Amino acid sequence: MVNDLNLNPINLYEYEKRAELILPHDNWDFIAAGAMDELTTEKNRTALDALSLRPRFLRDITERSINTSVLGTPISLPVMICPTGGHGIAHPNAECETAMGAGMSDTLMMCSTSSNKSLEEIADAATGPLWFQLYHRGYDLTEMLVKRAEEAGYKAIALTVDVPSPSPKERDLKNHYARDLELGNFRGIGKSEEEISGTDETPGWRVSRVAPMTWQELDWLRSLTSLPLVLKGLRTAEDARIAVECGVDGILVSNHGGRQMDATMSAIETLPEIVSAVNGKAEVYLDSGIRRGSDVLKALALGATAVGVGRPLYWGLAVKGAEGVHGILECLREEVDRAMSYTGQSDVKALDEGLVNIPYGWGSGTTAP
Ligand SMILES: Cc1cc2nc3c(=O)[nH]c(=O)nc-3n(C[C@H](O)[C@H](O)[C@H](O)COP(=O)(O)O)c2cc1C
């Protein structure tokens, strides 16, 4: 029986099915939801599925290396944990539990501004490297967050740029979804909910009206910290070029798992134009829809240094806490390694476009001006 709770899940989809049985319906919907008709969420998968791998044989693949590094930090597999708000809906120990799971797999976790635990609590629990994901909450609060992240040992700031205004998911509206979990990073600072809560995951948190950050303010952000800066959510070559001119260190190509704006391209379809625009001047990563080791290889072959997973971390947390987060990462590790062997590859850092067959018409329209 597929969902026999005594069996260990054998892949991410099995974790997903198991988590759906465990989580309260409205929490499940909140995690699974995409914006509006959820077409972009679906496209993240169909666009990855439309790519095929071109295996090479009769090569020496006995020694396979799947470790890499992101902004100089080594990780044991090219898969990271994406920043997602409010892990407390899947596990009482929230982001601390996730950080322990990521550490067990010796990879990096990005921690959301909207975490239930504070960034310091997560840093105390973590055994692996951390980046701090920043939502701009106005000059004072943003400065406070960035300085605390640097002080707590975070290795980069990842500014999420693709949430200029609130995007309530229609599933949540129908469910009248509300959460009363604490926003750990703002505990005890005496600010109203409207000031600390962002435009990101709106239900149950009143939304701040802080104007979104603009390119002009990136210099100010950089002046606050010596940490490297990653922009999360860029979707076009035009923006990638500006980002590089602004001197950003990394770009996380992402459409937020299709949660913020529907009717946009899938993340993987936007990867080639961004990689080409960046032209090696910054690292490029990708998230949105990654579920299999073969997906990881496709993204790396098209120019990503590493990928991230979002929803699957909740599935792992719900099923088995830190062990479950470790579990989903280890499923991916095994699948990446197997896919490397099947395709005649011995180093994830050396994958190139020749590994992927791109069907005619895929991503058409991505040719940026
Ligand atoms: C429930 C949920 C909450 C999220 N919260 C945040 C957040 O606080 N900050 C952020 O930058 N991205 C957030 N994201 C987006 C993820 O970082 C990531 O881009 C996305 O989940 C990747 O797609 P995937 O879920 O298909 O792997 C969230 C995603 C989910 C599913």
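**Figure 1. S112 in its loop.** S112 lies in the loop that runs between strand β5 (109-111) and helix α5 (119-125), where helices (H or I, at least four residues) and strands (E, at least two) are DSSP runs numbered from the N terminus. The model is predicted, so that local features need pLDDT of at least 70 and side-chain atom pairs count only at pLDDT 80 or more, whereas totals for chains, interfaces and linings use all residues. Residues are numbered from 1 along each chain as its sequence is written, and side-chain values use heavy atoms, with hydrogens and water left out.

Figure 2. S112 counts as buried because its relative accessibility is 3%, buried meaning under 20% relative accessible area (1.4 Å probe, protein chains only). Apart from neighbours within four places in sequence, S112 is in contact (heavy atoms within 4.5 Å) with P83, T84, G85, F132, Q133, Y135 and N185.

**Figure 3. The side chains of S112 and Q133.** These two side chains are joined by a polar contact of 3.2 Å, that is, a pair of N or O atoms within 3.5 Å, of which, within protein, one must be able to donate a hydrogen and the other to accept it, while residues adjacent in sequence count only if both atoms are side-chain atoms.

**Figure 4. The protein chain around these views.** The secondary structure of the protein chain comprises 13 helices and 12 strands, and 59% of its 369 residues count as buried. Among contacts between residues at least 6 apart in sequence, 73% join residues at least 24 apart. The C-alpha trace spans about 65 × 50 × 40 Å along its principal axes.

Technical notes. Buried means under 20% relative accessible area, exposed over 50%, partly exposed in between (1.4 Å probe, protein chains only).
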